[in-house]
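Reader: Hi! Could we go through this structure together?
Author: Happy to, ask away.

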Amino acid sequence: MREQIQIAVQDILPDPAPVFALQGYPPNVHPDARALGIFKSAMGLLLGLARPVAVWMDITAEEFQSIYEGEGDNAPATPLERIYPQAEHFVLFAATLNEPVCDEIKALFANDDFALGAMLDSLASVAADLMGGRIEEHYLRTASSSPGPNSNGLMRYSPGYCGWHISAQKALFRRLRPEGIGITLRESYLMQPLKSISGVMLCGRPEIHRFRPDYPFCSECCTKSCVDRIKKMKKGRPPEVRSD
Amino acid sequence: MSLLSQISEQLQLGLEEEVAALTREAIQQNMTPKDILDNGLIAGMNIVGEKFRSHEFFLPDVLLAAKAMYAGMNEIKPLLIKDKVPSMGKVVIGTVRGDLHDIGKNLVGVMLRGAGFDVIDLGNDVPPAKFIETARNAGAKVIGMSALLTTTMPAMKEVVALLKSEGLTDQIHTIVGGAPVSQEYAREIGASAYSYDASNAVDRIRALMN
Ligand code: SF4
């Protein structure tokens with residue numbers, strides 16, 4: 001099954017906390033009224049400009065294996081290579097906030113409106129991540145292969161993170177063809193528009209997603225976002241934001 | 001309080017219209033554009049940098065101050081050109097190939113301009129050769145590279161290696177930064193300097209220019 005879905009902007013509006021975290025605020029610091037005013041203005045821009053759209057498709061384990069291997073540049077050992085052979089369902093996805101948001105960020109910087117530009121940039125990054133949660137919900141509601149809406153054994157993984165080399169985007173794009181929703185791949189494997197996400201959702205028993213973050217590349221990882229994701233999965237809640 | 005101190009103070013508060021008006025007043029009082037720049041605008045931006053470093057200021061504060069700085073700069077720019085006041089030097093900056101994280105790099109650009117440097121911002125996802133070609137063509141003395149992903153850090157090494165192979169390391173210095181980048185990594189790849197935040201980048205680049 002392959003499906004394109006429109007996501008309501010209202011469903012991906014970020015809370016202030018992860019946005020200010022991206023702006024470099026420590027968790028114990030409360031932004032002042034001026035910073036909150038900029039946040040509110042950026043939110044208004046996001047509401048007016050974002051056109052979130054997503055596409056997802058079921059693939060087989062064999063198909064995913066070849067997408068995972070990509071151009072053969074993955075780290076010698078990765079969490080994903082242990083996880084995916086135990087998964088039961090493989091779902092490719094991509095989503096974008098679309099070009100007008102990215103154009104606005106550029107225009108704000110060009111007009112020296114740095115604070116608003118940077119805030120919209122952070123807001124859009126968090127909103128882009130939130131699109132992943134909406135795709136998960138949609139998949140769990142509608143897919144025939146879905147393990148059911150109560151499943152919490154579903155987790156998203158993306159090329160470019162945790163040893164899965166970003167060049168795997170090439171194979172992912174070949175199979176998913178997100179060009180239909182306006183996402184193209186640059187030579188460097190980054191997506192255009194920039195505020196887009198892509199990857200695979202793996203469904204299976206929740207335990208398959210648990211691992212120890214002690215791979216060589218983990219020592220340089222600043223976010224350790226897997227720790228939170230695994231913790232949330234244990235509690236039975238789908239992970240929402242991945243801020244790396 | 002002197003006019004220049006007022007400019008510095010209003011700049012720190014991010015009040016662009018006030019900074020522009022005070023700068024015009026300073027020009028009318030026949031202060032030299034270099035004096036206004038060094039002891040009003042740049043002095044203010046330096047304090048903003050210090051406050052940012054000590055977590056008294058955060059990104060929005062710095063960026064509002066930078067906008068105020070630019071408002072003042074716009075007033076004195078024609079005079080600086082007329083007086084042939086040299087810039088602090090040219091710097092090429094960008095986020096390396098495969099990386100789209102812009103905020104840190106943008107902040108460095110804003111702070112560098114605020115400190116009187118000419119900045120050529122190549123944006124994000126910049127191929128290694130583009131850094132070097134741009135720096136060479138523009139006569140820039142420093143290339144600043146930012147990365148936020150461990151997977152994109154090797155592109156920094158490529159730029160340094162390319163500079164070396166083209167025999168340009170004496171003329172063009174490199175500085176690297178970004179969340180996963182460290183002093184050790186900078187040393188390992190042969191970069192000229194490492195900076196841990198935007199205001200530190202300004203200090204390091206100032207040192208590289210001399
Ligand atoms: S520590 Fe970081 S790099 Fe390692 S698995 Fe977790 S998120 Fe990935």
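Reader: How do the residues of the lining of the second largest pocket divide into nonpolar, polar and charged?
Author: In this predicted model, that lining has 21 nonpolar, 8 polar and 14 charged residues. Here Ala, Val, Leu, Ile, Met, Phe, Trp, Tyr, Cys and Pro count as nonpolar, Asp, Glu, Lys and Arg as charged, and the others, Gly among them, as polar.

Reader: And which residues lie nearest the centre of that pocket?
Author: B:Tyr70, B:Gly109, B:Arg113, B:Val119 and B:Asp121, out of 43 lining residues. A pocket is an open set of points on a 1 Å grid over the protein atoms alone, where a 1.4 Å probe fits, with protein on both sides within 12 Å along at least five of seven lines; lining residues have an atom within 4 Å of a point.

Reader: What volume does it have?
Author: The second largest pocket has about 1,000 Å³, taken as the space filled by probe spheres set on grid points joined across faces, edges and corners.

Reader: Switching to the interface: how many residues does each chain give to the contact?
Author: Chain A gives 29 residues and chain B gives 26, with contact meaning heavy atoms within 4.5 Å.

Reader: How many salt bridges are there across it?
Author: The rule finds 3 between chain A and chain B, each a side-chain nitrogen of Lys or Arg within 4 Å of a carboxyl oxygen of Asp or Glu. A:Asp113 and B:Lys67 meet in a salt bridge at 3.6 Å, N to O. The side chains of A:Arg34 and B:Asp61 also form a salt bridge, at 3.1 Å, N to O.

Reader: Why does the A:Arg34 and B:Asp61 pair join two chains?
Author: Because A:Arg34 lies in helix H2 of chain A, whereas B:Asp61 is in helix H4 of chain B. Helices (H or I, at least four residues) and strands (E, at least two) are DSSP runs, numbered from the N terminus.

Reader: Last one: where is the cis peptide bond?
Author: The cis bond joins A:Gln192 and A:Pro193, with omega about -5°. A:Pro193 sits in the loop between strands S6 (191-192) and S7 (196-203) of chain A.

Key. Residues numbered from 1 in each chain as written. Chains lettered and ligands numbered in written order. Predicted model: local features only at pLDDT ≥ 70, side-chain atom pairs only at ≥ 80, totals over all residues. Heavy atoms only, no water.
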